Amino acid sequence: MRIGELASATGVTAKTLRFYEAEGLLHAPERTPGGYRDYPPGAVDRVAFIRHAQAAGLTLRQIREILLVRDGGHAPCGHVADLVGHRLDEVEQRLRELHATRTQLRLLKQRLDDLDPADCPPSAICAAIKDV
């Protein structure tokens with residue numbers, strides 16, 4: 001299957017497929033006598049897995065690790081469980097950081113809403129942004 005056919009079958013672009021190949025997510029395919037990539041039928045499932053794993057929040061590095069385990073002939077379920085647990089911890093931490101940022105932005109917005117620009121000292125860059 002040529003790259004355009006694989007792209008159509010999986011809903012990604014040919015550029016994305018070349019990127020996946022360069023990143024080690026897709027095996028380098030055989031080449032036709034004319035030099036075109038010739039992907040095996042299993043490439044469709046592999047690309048679908050990559051897209052589903054990305055949608056689940058896994059990074060390309062993590063997806064590569066899972067594929068390496070599978071390519072080594074082992075079921076990656078335990079490894080996937082570890083990765084998902086770690087990724088979930090990262091997302092939870094990021095949500096806490098975003099919540100704190102939102103709180104600070106709300107305080108700053110209130111200060112700005114209450115601020116009269118005429119009251120800003122000329123030496124201040126922005127009087128509202130202090131001790132945020």
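Visitor: How many salt bridges does a search of the whole structure find?

Guide: The search finds seven salt bridges. This is a predicted model, in which local features need pLDDT of at least 70 and side-chain atom pairs count only at pLDDT 80 or more, while totals for chains, interfaces and linings use all residues. Residues are numbered from 1 along each chain as its sequence is written, and side-chain values use heavy atoms, with hydrogens and water left out.

Visitor: Why is the pair of Arg46 and Asp71 called a salt bridge?

Guide: The term requires a side-chain nitrogen of Lys or Arg within 4 Å of a carboxyl oxygen of Asp or Glu. The closest N and O atoms of Arg46 and Asp71 are 2.9 Å apart, so the pair meets the definition. Helices here are DSSP runs of H or I with at least four residues, and strands are runs of E with at least two, numbered from the N terminus.

Visitor: What makes Arg46 buried and Asp71 partly exposed?

Guide: Buried means under 20% relative accessible area, exposed means over 50%, and partly exposed lies in between (1.4 Å probe, protein chains only). Arg46 has 14% and is therefore buried; Asp71, at 36%, counts as partly exposed.

Visitor: What separates Glu97 and Arg94 along helix 5?

Guide: Glu97 and Arg94 are three residues apart, and therefore separated by about one helical turn. Their side chains meet in a salt bridge, at 3.4 Å from N to O. Glu97, at 35% relative accessibility, is partly exposed, as is Arg94, at 45%.

Visitor: Which residues have the most contacts inside the largest nonpolar core?

Guide: They are Leu17, Tyr20, Leu25, Tyr39, Val47 and Ile63, in a core of 19 residues. Helix 1 (3-10), helix 2 (14-22), helix 3 (42-55) and helix 4 (60-71) each supply at least two residues of this core. A nonpolar core is a set of buried Ala, Val, Leu, Ile, Met, Phe, Trp, Tyr and Cys residues joined through side-chain atoms within 4.5 Å.

Visitor: How do you know that the buried residues of helix 1 lie on the same side?

Guide: The buried residues in helix 1 are Ile3, Leu6, Ala7 and Thr10. They cover an arc of only 100° around the axis, which puts them on the same side of helix 1. The arc is that of the directions from the helix axis to the C-beta atoms.
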